[in-house]
Amino acid sequence: MKQVVQNYKSGELSVLDVPVPGCKPGGVLVRSAFSLISTGTELMKVSEAGMSMLGKARSRPDQVAKVVQSVAVNGLPATYRKVMGKLDSYTPLGYSLCGVVEQVGAGIDDVKVGDLVACAGNEHALHAEVNWVPRNLYVPVPDGLAPRHAAFGTVGSIALQGVRQGEPQLGEVALVIGLGLIGQLVVQLLAAAGVRVVGADPDPVRCELAERLGAVACGDPGSAAVENAVAELTGGHGVDQVYLAAGGGSNQPVELAARLARDRGRVVDIGKCRLDLPWNAYYEKELDVRFSRSYGPGRYDPEYELDGRDYPIGYVRWTERRNLACFLDLAARGRVDVEPLISRIADFEDAVETYRQLKDGELKAVAVLFRYPGEAGEAQAPAVAVPAVRRGTAAAPARPSRSPVRLAFVGAGNYATSMLLPHLARREGVELSAVVTTTALSAANAQRKFGFARATTDLDAVLGDASVDAVFVVTRHSSHAELTRRALLAGKTVFVEKPLALTEDELAGVLAAVEESGNDRLQVGFNRRFAPLLREAKARFGARTGPASLRYLVNAGRLQPGSWYLQQGTEGSRFAGEGGHFVDTASWLLGADPVSVYAVAPSGNEDLQIVLRYPDGSTATLSYVTAGAPGFPKETLDLVADGKVLKLDDFVRASVYGSKRWVSSRLPKARDKGQSAELASFVRAVRTGGPMPVPLESLVATTAATLAVQAALVGGAPVTLERSL
């Protein structure tokens, strides 16, 4: 299928061939009929992409701050790869469309194949021939509403939510500043609610359009016409509400709002405009400044948008989805008319030229629609006890020793593209055969940047391809165990990023696949044991004779709001997701697997104190904390035994104290946590058929110990890790 994309680094726009997204549970596949260009939000994004690197930095100081923090935690080289990888990627455009349901995912019963739906979301209602849309981001289109009008649903919801924030009442007077697409819709919604509206915009054509659609009077914000209209309609008191629907860097809108609002009036910010509030003016009138967050309650909440969990109507009357349905109903009943807003309907194949005309000012438009080909093609098929490791008798397929190692990736997110694929793409004797994702654009990005032979959403086809030697599972945590199980049963060597499993049942399922298939060719991405600095320190520490004491501090830091790591209901706890890294590192340093786990959470949140006990009496204390200073190193550890001490400072410096003292260089080339060496070891094992880098028994023991942490927290006592026979 085809999709409109932009390279944020170069600003280049293109219509790209990408795989059809898979139809996941909890949503539907929708073939687009019309999608709407937001001439405000989208053109701002397009213009920003065309800026220099300095210009981009100035426009997004919040992102610059994140980069600075990443440098402190991960080092400059890793941060540079991560940032440039994100910049030099295709990003999608679009967030409002109407189309026909082509496939229904599991758990969906409110629509069927062939239904017309309106869709929302800057990750799901894209300018693409086919989109996967979750339950709460689509609604059926009312009978009689034209598809091109239903494509306005998302921007209509944005306008409607802004109006709700203003709490208009019959007979009031409102001022709408900015008469672009959102402003025109706000004017109509207010007029439908019995509010008299004055509009302000420097474009006389837009002013005339707003008056035709219900405004009492409109004019240039710098002229006397707007002030005179407000004075006449309000008896000199000022308007009850002001809606800021303008964009740009001028502070004129908020100054005009203060001047024309009544005492204790309401000012609602809907657009993205400068907000340097003149303190005296806002203080003296005690103005109520409110923000309108996109389509309404549910926006930016992954449990609502992705998991389909609705808010009870008795507590949240107007959610994101209810706003979308309400706007479509108003349009279907003629209370809102979007037809006069349509400046052009362009064929989808002309998308790049249409954007160019909008950006260069050749096309003056309020709203532009893309019309998609009418012929609907076939959619592609979408693709604690420590368990004993029992291997069956079947053998993994042999491969010619001199042919390249052919790898397939399932998932191509940030970690895969910044920490794994850069090492593999330049490794001799490796061929990147296929990349499988559920979203089309991430697969296309990975194919372009790393040279995959093909990109697809069909996992079954890749698992059934005899030429693929090994499969990398680099998806969200909740899918790791099932994808690993399927790949093992297909006879593939598997590299799965941590964690291997989130529950004991998932772990048992993986081991059942090993036993059934006889295929034990598995590696989990516990990369720290491969870090060159730590390996050298361990070698210099040497063998030990007595028990050891290990102390490991993980200054994990707080997650950004909205991070999928916070979705504990589906993705498990944060420690279950990444704690295996630290358990594996401790076990490798101590040369054994733990026999018991004790854990407490002293602060009642994600901060954990974990004690692992080992067969020879050694102990490892893991402090996993989120409340530490962001500038402090993420990982520090000390190993003490036999009169010696090994100290590691965040993989940038190490030292060993004993009869002689050894200290590593203070200026390493980069913070190397072992990914490159781990991948080299894995590829070598695939090529030669030799042993896997880490024994399967160790991977299972580490996973079981990580899962036992939760059991220890609940039980308040140490959990013994008993090996099954």
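What follows is a conversation about some local features of a predicted model.

Biologist: Let's start inside. What makes the space lined by Lys 498, Pro 499 and Phe 526, among others, a cavity?

Modeller: A cavity is a set of points where a 1.4 Å probe fits but cannot get out. The largest cavity holds about 60 Å³ of space. Its lining also includes Leu 500, Ala 501, Ala 576, Gly 577 and Thr 702.

Biologist: Which helices supply at least two residues each of that lining?

Modeller: They are helix H22 (574-590) and helix H24 (696-715). H24 gives the most, with four residues.

Biologist: How do you know the class make-up of this lining, and where does Gly count?

Modeller: Gly counts as polar, so Gly 577 and Gly 580 go into that class.

Biologist: Lys 498 is joined to Pro 499. What makes that peptide bond stand out?

Modeller: The bond is cis, with omega at about 0°. Pro 499 sits in the loop between strand E22 (493-496) and helix H19 (504-517).

Biologist: Now the second largest cavity. Which element gives the most to its lining?

Modeller: That is H13, with three residues. The volume here is about 40 Å³, and the lining includes Ala 120, Asn 136, Tyr 295, Glu 320 and Arg 321. Two elements give two or more residues to the lining: helix H6 (153-166) and helix H13 (320-332). By class, there are four nonpolar, three polar and two charged residues. Glu and Arg count as charged, so Glu 320 and Arg 321 belong to that class.

Biologist: Why is strand E6 (residues 116-120) called mostly covered?

Modeller: Buried means under 20% relative accessible area, and four of the five residues of E6 are buried.

Biologist: How do you know that E6 pairs with strand E5 (residues 96-104)?

Modeller: Pairing takes at least two bridges. Five bridges join E5 to E6, and the two run antiparallel; Val 100 stands opposite Leu 116 in E6. E6 is also joined to strand E8 (residues 138-140), by three bridges, again antiparallel. There, the bridge partner of Cys 119 is Tyr 138 in E8.

Biologist: Why is Glu 167 called partly exposed?

Modeller: Its relative accessible area is 47%. Buried is under 20% and exposed is over 50%, so 47% falls in between. Glu 167 also has a positive phi of about 50° although it is not a glycine, and its place is in the loop between H6 and strand E9 (173-177).

Biologist: Where does Arg 264 lie, and what is its phi?

Modeller: Arg 264 lies in strand E13 (residues 261-269). Its phi is positive too, about 60°, although it is not a glycine.

Key. Residues numbered from 1 in each chain as written. Predicted model: local features only at pLDDT ≥ 70, side-chain atom pairs only at ≥ 80, totals over all residues. Heavy atoms only, no water. 1 Å grid on protein atoms, 1.4 Å probe; cavity = no way out; pocket = protein on both sides within 12 Å on 5 of 7 lines; lining within 4 Å. Points joined across faces, edges and corners; volume = space filled by probe spheres on them. Buried < 20%, exposed > 50% of the residue type's maximum accessible area, 1.4 Å probe, protein only.
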